[in-house]
Amino acid sequence: MRTYNEKISIYHGMVSTIALNLASNYFPIFAISVLGATNYQVGLISSLPPLVALLVTIPAAILLNRLEQQKKTVALNAFGARAMFLLLVGVVFLPPSYQAWVFLIIIALMNVPGTISTIGWQTLISGMISEERRGAFFSDRNRLLTIVGMVTMLVIGIVMKKQSDNAAAYQMLFLLAFGFGLMEMVFLFKHKETVQPKANNDEKKSYMDWSIFKNRNYKLFLIAALCFNFTWQMAWGLFNIYNVKYAHATILWISIFSVGSQLVQIFSFPLWKKWAEKKSNTLVFVWVAVGMATAPSMTVLSTNLYYLTFVQMTSGFFVSGTTLLLFNLLLEKSPKEARTYCITTYNVLLSFVAFIAPQIGIWLLETTGIRTSMNISSLLRFMSAVVFFVMYMKSSSVSGTTRGQM
């Protein structure tokens with residue numbers, strides 16, 4: 001039986017997913033087909049948001065840690081991020097030479113309130129969902145949100161199948177995304193939050209708890225997770241460029257790719273949850289990382305759109321594991337008494353990695369070509385799986401030693 005906050009969190013996630021699917025998923029094809037963005041600019045679509053997050057995360061954490069209630073701040077910042085969709089509507093009215101750059105600036109600014117709302121939501125929801133409920137709740141929530149995302153993408157693809165270079169069609173998507181952003185704010189306000197005790201003056205001066213780096217499990221998780229995210233995100237820009245410029249995918253096909261991936265995710269979330277509970281989040285994530293390593297190399301084997309749909313579907317199986325297990329691992333490996341600091345540190349470091357990784361991917365593309373750069377990405381992803389396996393072995397040895405001393 002779901003609690004009130006669990007139900008509201010699912011409703012919030014649904015409208016948030018729709019808002020993002022209506023806009024963010026089509027940023028690359030909009031930039032390429034309508035704004036004439038270069039490869040470098042397409043890479044910045046993936047790199048700029050984490051750069052902004054890198055700059056905003058620590059101030060955001062300081063702000064959120066000082067608040068007795070975070071709900072209002074999270075909701076208003078979520079609305080601020082979605083309000084930026086209205087600015088995107090006007091980009092096509094600018095001189096062509098400025099359009100792509102202004103588009104990128106808006107995307108960057110969008111992530112100032114977006115980062116605050118994301119960090120706030122992670123902290124907010126971690127306090128509302130009990131530890132024993134997390135695995136089941138996030139599995140169910142992710143599956144339901146994936147269904148919503150799949151239906152949204154399918155509808156968009158059918159309606160806009162011949163509108164890939166039609167600026168007005170994208171403007172309509174951005175307006176609809178803003179409308180769902182309003183609903184997102186409403187559902188965030190509906191959460192029931194427990195008032196946190198006000199910090200004393202000494203606590204207010206402590207902007208960072210450096211003791212988290214003395215926690216062995218958290219340090220091991222940070223190293224493994226950052227390695228994985230670097231290799232994962234390095235190929236994001238490459239996939240966008242390959243699908244649009246090499247395979248000539250239209251909005252309909254981009255939607256079909258997403259629907260195929262999400263359809264598989266719907267059925268695989270419970271499997272990853274079951275396997276993680278039986279083995280461990282860390283050990284199962286090793287197999288997730290191995291599976292993710294196959295996607296880049298498989299993609300460049302053909303430009304056939306039906307084949308690429310199949311690759312997206314196989315990739316979706318492992319993406320669901322990534323989505324579920326990484327967040328569970330973050331909460332599992334973070335000491336409860338310093339969880340906010342752990343989440344903040346992870347997000348700061350992740351933002352740095354996410355800024356650098358797509359740029360390295362684009363550099364590899366320009367230097368070696370699309371096939372070689374994608375194959376290198378696959379190799380590095382496989383190496384990240386090895387890092388997670390090492391983390392599992394070290395964590396197991398520590399646990400074994402601890403049990404022996406008890």
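Q: At what angle do helix α12 and helix α13 pack, and how far apart are their axes?
A: Two packed helices are described by the angle between their axes and the distance between those axes. In this predicted model, helix α12 (residues 281-299) and helix α13 (residues 305-333) pack at about 150°, their axes 9 Å apart. That makes α12 roughly antiparallel to α13 (angles over 145 degrees count as roughly antiparallel). Helices here are DSSP runs of H or I, at least four residues, numbered from the N terminus. Axes are lines fitted to C-alpha atoms over the stretch in contact, with angles running from 0 to 180 degrees between N-to-C directions.

Q: How many salt bridges does a search of the whole structure find?
A: Side chains of opposite charge can pair when their charged atoms come close. The search finds four salt bridges (a side-chain nitrogen of Lys or Arg within 4 Å of a carboxyl oxygen of Asp or Glu). One of them joins Glu184 and Arg82, 2.7 Å from N to O. This pair links distant parts of the chain, 102 residues apart: Glu184 sits in helix α7, Arg82 in helix α4 (residues 71-89).

Q: Are Glu184 and Arg82 buried or exposed?
A: Both Glu184 and Arg82 are buried (under 20% relative accessible area; exposed is over 50%, partly exposed in between, with a 1.4 Å probe and protein chains only). Now try Lys273 and Glu277, whose closest N and O atoms are 3.4 Å apart. They lie four residues apart in helix α11 (residues 251-278), about one turn. Lys273 counts as partly exposed because its relative accessibility is 22%, whereas Glu277, at 55%, counts as exposed.

Conventions: Residues numbered from 1 in each chain as written. Predicted model: local features only at pLDDT ≥ 70, side-chain atom pairs only at ≥ 80, totals over all residues. Heavy atoms only, no water. Helix = DSSP H or I, 4+ residues; strand = E, 2+ residues; numbered from the N terminus. Parallel < 35°, antiparallel > 145°, perpendicular 65-115°, else oblique.
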